[in-house]
Amino acid sequence: MKRRPLLIGLAAAPLVAFARPESLSTRKARVEEVGASVLMTLELPTLIKARDTDALKSIDSSFDTTLRYSLRVWEHGTRELITSRVVVVKIRRDPWKKRYVVSTRAEGKWTKRFFETRDAAVAAATTLRRQKVAAVGQLERTEDGPYYFVEVLALRNPLAETDAAGGTARGRGGDRDLEWFSRIVDVLAGERARAEKVVHVRTNPFYLLP
Amino acid sequence: MAEQQDGMRMGTSFWGRLEVRVIAALALLGTLCVGASAYLVNLAVDYFDARVGDTLVRAQAVAGQVEPFHHALVESQISAYGARTRALALEFALRDGSPQTWLDAAFARESDVVQLRIELPDGRTLARDRESEYPHESFEWFDVAHTVQGADGKTAGTVQAVFRIDPAIDARYQALGSEKRDLGAEQASRDDVERAVERVMAIASGLVLLLSLLAGFAVARATTRKATELSRAMRRVASGDLSVRSRAKGTDELGQLSLAFNDMLDELQGAQERVAYLQRIGAWQEMARRIAHEIKNPLTPILLAVQQLRDKDPGNDARFSAMLRTSTEIVEDEVQALRRMVTSFSQFAKVPEVRTEPVALGRVLDEFERAYGHLTDEDEDDVLTVRRAEPDPQIRGDRQLLKQVLVNLVENAVLSAREAGRSPVNVQVHAEVSPTAVVVYVDDNGPGIPNGRRLAVFEPYETTREQGTGLGLAIVKKIVLDHDGEVWADASPLGGARFAIRLPRLGDD
């Protein structure tokens, strides 16, 4: 057996056991069908807590605080991934105009909202308000239609993905080993090694009214 | 059962077994090596973790020190924008020409102003802009307004300037912020990463240890199994069983030892059988010598007495004379038969000691053919064929005794075939040569020897011929054994018996 598949197998073994998205904790979300889109409203206030002084200080220092939401729509109980999309939100204080700016990028476009207070800006950044998660045509609408849910992986300030060799000298034999070693370590180190803060939840099941 | 007895005799405990000790030693060594490696790796990880941690803290501190400079830069830039707007307003109040002329000139001069607007006292508004050049979607704007009074104390107008903020200022600061966040995240996840590295090392070390143990187990088991097999065979030999053989195979030292041990047992068993046979023959020779001596002595007086009786017959009674003549002839015939038997016994008892010398086998065969070719003269159709080996091999032997061997074997073949009614009798003598030995075959077309009697025919006084004494083949075997050779009986391709004699071959040099 080759070394690489063996390493992948060893590294993936613990993941396979817990890979079912149904096993994630549930957050209540409001799902609406508007036109040809399925919109979701979900609050994740734990992403930036009010007592998280470091996070709040970072916002006030005018650095962008990036929130990366990965939204994956699953058919309940089948492990069938229907669709997925990524929403990126940035929040910071504008030192020029002394206000807070929340920038959102969804489907390739940036939109900005301005807030006078930090709390309002944080609340807006940690809430996916009427966010499109799927097109209606991607979901079934029958009398006994399937249930769906949205898996939400929210990362606060995700680490920039670098190669295992620290961005240098990729491709040599030793570095390939180091790359695989790094991947295994990343898997075992868990989500804390991927971002400042990770919230991984799923929504309550929903279905389209026939 | 024998295995159990062997095991009981060994009396070794579980920990006393070589296999267990070797495996335990390998396990201990493997554990020590892997444990030492893991400990050193852990030390290295801790060392570099501390170094990296210090670097991260210092880097974060550096990044933190840059923050106030940025805010100061922004504030100074805001002040500058305000000052420039106030300067533009004063310049507007002190202008010579029309407001539009001044606006055009000022706007052309201020390249980072996106929009310049003048609100005149009469309510009119004049404006110039570069919005298409610096769109709001791509650039941050900062607007400042300033109202200025004229010399008459009345409002001369309001100048509003919208500045394009240099995007490099924010870009550099955000890049710094990104690096600082990554540093913070790296710092926060250090413990998790360190634990993960330790877990990976533990898993890898465990796998290495497991593989080394399995490999060690396989090697130790293969090795100790051979040693155990050899030990078993040696114990059986020590108890007197020379028929046992070691089943340990392989090309390693233990496999070679096993082969050598089996060869030694083959030699030992052959020597034991040879010695036993020679002892048996020696006993028979001693008995034959005594019998020959005891019988031979009275034969001559008996023969003389019978001759006297026949000579002293007065011849008065013809019937008596005839009866006497018949009786004396019978006695003389029986005495002659006893003499022949005594002669055979004497020959058997007096087989001379072998005196070997280097001799060519072809010479022995030639002399035999010249001297004893008459064996087939009684019937002209009988055939005796003698074929030499090419090239003619050298052996160490006693020519006279070897010829005696051939004579006995050929005589036995001819007589057996004749008794069985074979005609013509066909006897072939030929030799084959191997690198280490010479084999002489004597084949006949007689009745052959049943498989179960092929060993017994060499025992003294074992014969199936009516006229046989059972001593010829015993003499053959004794002479061959005295030459460090061996003889055996087999089936002949001619349909009768085959006798084969293997003798050691001398080197060509």
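## Briefing: chains A and B

Chain B carries 10 helices and 11 strands, where helices (H or I, at least four residues) and strands (E, at least two) are DSSP runs numbered from the N terminus. This is a predicted model, in which local features need pLDDT of at least 70 and side-chain atom pairs count only at pLDDT 80 or more, while totals for chains, interfaces and linings use all residues. Residues are numbered from 1 along each chain as its sequence is written, and chains are lettered from A and ligands numbered from 1 in the order in which they are written.

**Chain B overall**

- Buried residues account for 20% of the 509 residues in chain B; a residue is buried if 20 or more other C-beta atoms lie within 10 Å of its own, exposed if 12 or fewer, and partly exposed in between, with C-beta atoms placed from the backbone.
- Take the contacts in chain B between residues at least 6 apart in sequence: 68% of them join residues at least 24 apart. Being in contact says that the C-beta atoms, placed from the backbone, lie within 7 Å.

**Where A meets B**

- On chain A, 19 residues are in contact with 23 residues of chain B.
- Both α4 (173-189) and β10 (195-203) of chain A supply at least two residues each to the side that touches chain B, and α4(A) gives the most, with 5 residues.
- That side of chain A splits into 12 nonpolar, 4 polar and 3 charged residues. The nonpolar class is Ala, Val, Leu, Ile, Met, Phe, Trp, Tyr, Cys and Pro, the charged one is Asp, Glu, Lys and Arg, and the others, Gly among them, count as polar.

**Trp74(A)**

- Trp74(A) sits in strand β4 (residues 65-75) of chain A, and it counts as buried because 23 other C-beta atoms lie within 10 Å.
- Beyond its neighbours within four places in sequence, Trp74(A) is in contact with residues including Pro21(A), Leu81(A), Tyr148(A) and Phe149(A).
- Pro205(A) is 131 residues away from Trp74(A) in sequence, yet their C-alpha atoms are 9.5 Å apart.

**The four-stranded sheet in chain B**

- An open sheet of 4 strands runs in the order β2-β1-β4-β3 (chain B), with antiparallel pairing; strands pair if DSSP finds at least two bridges between them.
- At the edges are β2 (125-129) and β3 (141-149) of chain B, each with a single partner strand, so one side of each has no neighbour in the sheet.
- From one strand to the next, the twist averages 10°.
- Strands β3(B) and β4 (residues 155-164) of chain B share 9 antiparallel bridges, and Phe142(B) has Phe163(B) as its bridge partner in β4(B).
- Helix α2 (residues 18-93) of chain B packs on the sheet, touching β1 (113-119), β3 and β4, and its direction makes about 40° with that of β3(B). Axes here are lines fitted to C-alpha atoms, for helices over the stretch in contact, and angles run from 0 to 180 degrees between N-to-C directions.

**Helix α6 of chain B**

- At 1.5 Å a residue, the 59 residues of α6 (residues 253-311) should span 87 Å, and the end C-alpha atoms are 85 Å apart, which agrees. The expected span is 1.5 Å times one less than the number of residues.
- Its buried residues, among them Leu265(B), Ile281(B) and Trp284(B), pack against α5 (190-238), α7 (318-349) and α10 (472-482) of chain B.

**Nonpolar cores**

- The largest nonpolar core has 44 residues, and Val405(B), Leu409(B), Val410(B), Ala413(B) and Val476(B) touch the most other members. Such a core is a set of buried Ala, Val, Leu, Ile, Met, Phe, Trp, Tyr and Cys residues joined through C-beta atoms within 7 Å.
- Helix α9 (residues 399-419) of chain B provides the largest share of this core, 9 residues.
- Another core, of 36 residues, lies apart from it and includes Ala55(A), Tyr69(A), Leu139(A) and Ala185(B).

Technical notes: Contact = placed C-beta atoms within 7 Å.
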